[in-house]
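Hello,

Have a look first, and then read on.

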Amino acid sequence: MGLKPATNPDVEAATIELTIDGKTVTAKDGVSLYDVISSTGKIIPAMCYHYTFDPFGSCGMCLVMQEGKKAPVRSCTAKAAAGMMIRTEGDDLFQARKKAVEKHLSVHPLDCPVCDADGHCELQDMAFQHGVTNLANAKQKFIPEDTRSPVLDFNMNRCIACAECINVCKDVLMIDALQFMKKGGFNQVVAKGDLPLACEFCGDCLAVCPVGAITNKFSKYLYKPWQMKKTTTTCNYCGDGCQMYLETKDTEVIRVTSPLSWKNKWGDRADTGKGHGGLCVKGRFGFEYMDSSNRLKRPLLRKGNQLVEVPWLEAMHTAVDRFADIRKKHGPEAIAGLITARCTNEELYLFQKLMRVAFRTNNLDSSARYGHMNFVRASKAALGIGRTPNDWEDLTKAKAVLVIGSNLTETNPLTSVRIKEAIRVYKAQVAVFDTAITNLGKLASHPFLIKAGTEGLVIDGLVKTAINLDLVDEESVKKHPQAFAALKSAVSSISLEQVAAKTGVTVEQFKEVATIFAESPRSIILCAEGIVRQPDGYQNVLKLIDLAWITGKLGRPGCGVNTVTEEPNEQGAVDMGVAPEFLPGLASSDDQAMRDKLAKAWDATLPQTGSGAHLTEILKRCRSGQIRALYVVGENPLATLPASMEVRAGLDRLELLVVQDPFLTETGQMAHVVLPATTSAEKDGTFTNLEGRVLRCRQAMDAIGESVPDWQIMTALANGLGCQWEYDSANDIQAEIMKLIPGYYNLGQPKKIVPTADHYLSNGYAAAVGGRYKGVRSETAAPFTLQMGQLLYHSGKLSTLAPGLIKIGPNTGRIRMHPADMERLGLQDGAMVKLSSERGSLQIGVQVDQSVAPNTCFFPEHFNEPPVKDLMAVHIDPITGVPAFKRTGVTIEKV
Ligand code: SF4
Ligand code: SF4
Ligand code: SF4
Ligand code: FES
């Protein structure tokens, strides 16, 4: 698999001079000649070339004449050398390229009228450009189409054997799911071993195929490319924030395409660190929820036991009157609101303004509370930033990456592509600590399968080792001698041997990883759900910050402690102030200057400092009757939280539950008023991705039924409650945000911030750090650990509304187990077991999964059938209120 040095942008090579069409050009010795030519702005035909992967040299189009050689050379595979004299144009070259096109067309079916690539086909373009007209004698291959994959069809009659699909899958994605195989006298692209395609279904092979040999099952034979409206927007599934093109026809989404395409084959290899332009399976094939027939089309009002369709006016009057009535009778503290981080920044901003100004309460929260808030709070407390300091490029070009508690290829697939590039192209050392056998772990230089629930201990081990081996950065620690002494004392009683025994990482391995991390010039830590969604999440992020501080990796370019976000706008939700503890701009809720600024701008009095409840407290107060009215925007706590949180009991007690959502969710079914909102495809706005990059979401189609963007509903609600808001568009809201948080709209570019821990380390750190390092604690361990987590094919519950994703990743209704465990318990695939935790038990089937670690079992959190989540215990973080409920001890008995 290794990268050919010719295209490694990091390679140390001499600078040389060569001549292209009479002009002297400088380049690195040994790089692809084609890259040198295109860097001069000259574009010559190249059908098998793409800048994101290594040259293959099969199409015969990129021909140039090199002085001293009789025949043309293929510039993509030729290496630039000092003194070369190259000519890129001339009749001889035109004729040679024309011959190459004719050769491809001589075995082509010429079925352009029924080909999805018609009008978007490089072979067509090349034939046209070179005046190829002698098509009558094309030989047919008569290869049957391979339609076995759930998303892609392979029509090898059209294939020009350019290998772009194979190369993108192998080089860029490091999945390597495709190969050439000689069949029926032709070299055909098949899934490895000629089996049905079993891969990540990202569709990047489809994107780079220059002809119609790979087709998208979802849009095949529906429309020609030029018949669709193409809107550039941002994916609404995860925090990676991939850019995509939504291709629509009226109110129908036909397909999703991406900046990665054979059309965009020219670029600088050093720039792929910012992203290669591809998508994952969710982004490319998960669009069907947008125009689903299950969308809510009209408002619903509870009449008796039923929700019945009513006109908007009736629904809004009811909601406004009842909110106003409850506020009048019981005060603003009787009202609360929850919102999903799938909403835009503008909607999140408006939501918190609505809660604080119209309802006059600080009882508000977003889905960032499910975990991201642990990172935000720790990063804000220690470094004053409250977000990730590094962007994708830093990640790609890091020399050491420590991934802890994150199955990135499943949760944030495109961030994982960055780490793959770090491994493959930039030769980074990557240590992966996870409780599952992850795809990234298989590629990492230092993969560690750690025991369930020991992520925090692993950090203890790394910090202790860094101190023991004196891997500390003198400059960093000498500024804060008291803090460092306190940290040393906090870890002094930790026994590395005990930590090793408990985690499964040996003392030697701790030494190796800590040394690599400390000694690398660019070291990055990436933590995710295994840290932030678990008990002690907040403290564990602080411990990672300790590790980065003592090894000198805070504030140094290309270094830092980072996380990834599950939903597309979790960072935006906290940035916009959707939390009782934060105001817009991540200002603390007691920041008097910001309070004054907001009060003036909003012409309102803000709820009292220190008031307000977060998610878990809101639900508790619903149960106790303190909160009587709840406004839920796109959230679905009933389906998300385990039974022990007694969400149903809380919602049942409410006098008013207003749910605003594109779909009738489980929570919506309990509502008094349901307001139909649009999806991200039907509105404008912005999302802030996990790098802090603010990205546009653009309206691609008309709203379905009578659904309305969330910001419009919020505006109407606020005005019904006595405000005078005059927002006519998302831009109007943006203009207001810009004034309150100057510089926030760094559209396209993540804002570089330099974290500094000086204040934190010299103010109370020494007293606080003592309780942070707990070392090995004795616990009665259950025989198995049940883990709930994400699957590549899904994101929250939203993706389960996309039939294509359900087809690829259905709910099997079974727990996944390691084959050795199944064998030990005498279980066959599909056998029924009794799965019991402290919270109860249920009967469920089992299925083999090689990626599940021994002594654990896994159930995807996207599904509630059977209700496995109700077996989970909930630990609420004492500092941040984050409810951790993804892991619990269980027994498994054969039935
Ligand atoms: S869909 Fe993605 S993973 Fe599957 S073969 Fe194509 S490029 Fe490879
Ligand atoms: S399927 Fe497409 S991308 Fe793959 S080798 Fe054939 S023409 Fe090239
Ligand atoms: S789900 Fe995430 S990784 Fe996949 S396309 Fe969307 S933003 Fe990108
Ligand atoms: S682009 Fe060079 S041979 Fe195809």
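Leu-300 has Glu-309 as its bridge partner in strand β14. Strand β13 (residues 300-303) and strand β14 (residues 306-309) run antiparallel, with 4 bridges joining them; strands count as paired if DSSP finds at least two bridges between them. Helices (H or I, at least four residues) and strands (E, at least two) are DSSP runs, numbered from the N terminus. The two strands make a hairpin with 2 residues between them, and Gly-304 in the turn has a positive phi of about 65°. β13 also pairs with strand β26 (residues 673-676), antiparallel over 2 bridges, and there Leu-301 is partnered by Val-673.

A word on the ground rules: this is a predicted model, in which local features need pLDDT of at least 70 and side-chain atom pairs count only at pLDDT 80 or more, while totals for chains, interfaces and linings use all residues. Residues are numbered from 1 along each chain as its sequence is written, chains are lettered from A and ligands numbered from 1 in the order in which they are written, and side-chain values use heavy atoms, leaving out hydrogens and water.

Next, the aromatic rings. The structure holds 18 aromatic pairs, meaning rings of Phe, Tyr and Trp (its six-membered ring) with centres within 6.5 Å; planes under 30 degrees apart are stacked, over 60 edge-to-face and the rest tilted. Phe-433 and Phe-448 are stacked, 4.8 Å centre to centre with 15° between the planes. This pair links distant parts of the chain, as Phe-433 is in strand β18 (residues 429-434) and Phe-448 in strand β19 (residues 446-449), 15 residues apart. Phe-433 counts as buried because its relative accessibility is 0%, and Phe-448 is buried at 9% (buried is under 20% relative accessible area, exposed over 50%, partly exposed in between, with a 1.4 Å probe and protein chains only).

Trp-549 and Tyr-765 have ring centres 5.7 Å apart and planes at 75°, so they are edge-to-face. Trp-549 belongs to helix α20 (residues 537-550) and Tyr-765 to helix α30 (residues 765-768), 216 residues apart. Both Trp-549 and Tyr-765 are buried.

Best wishes
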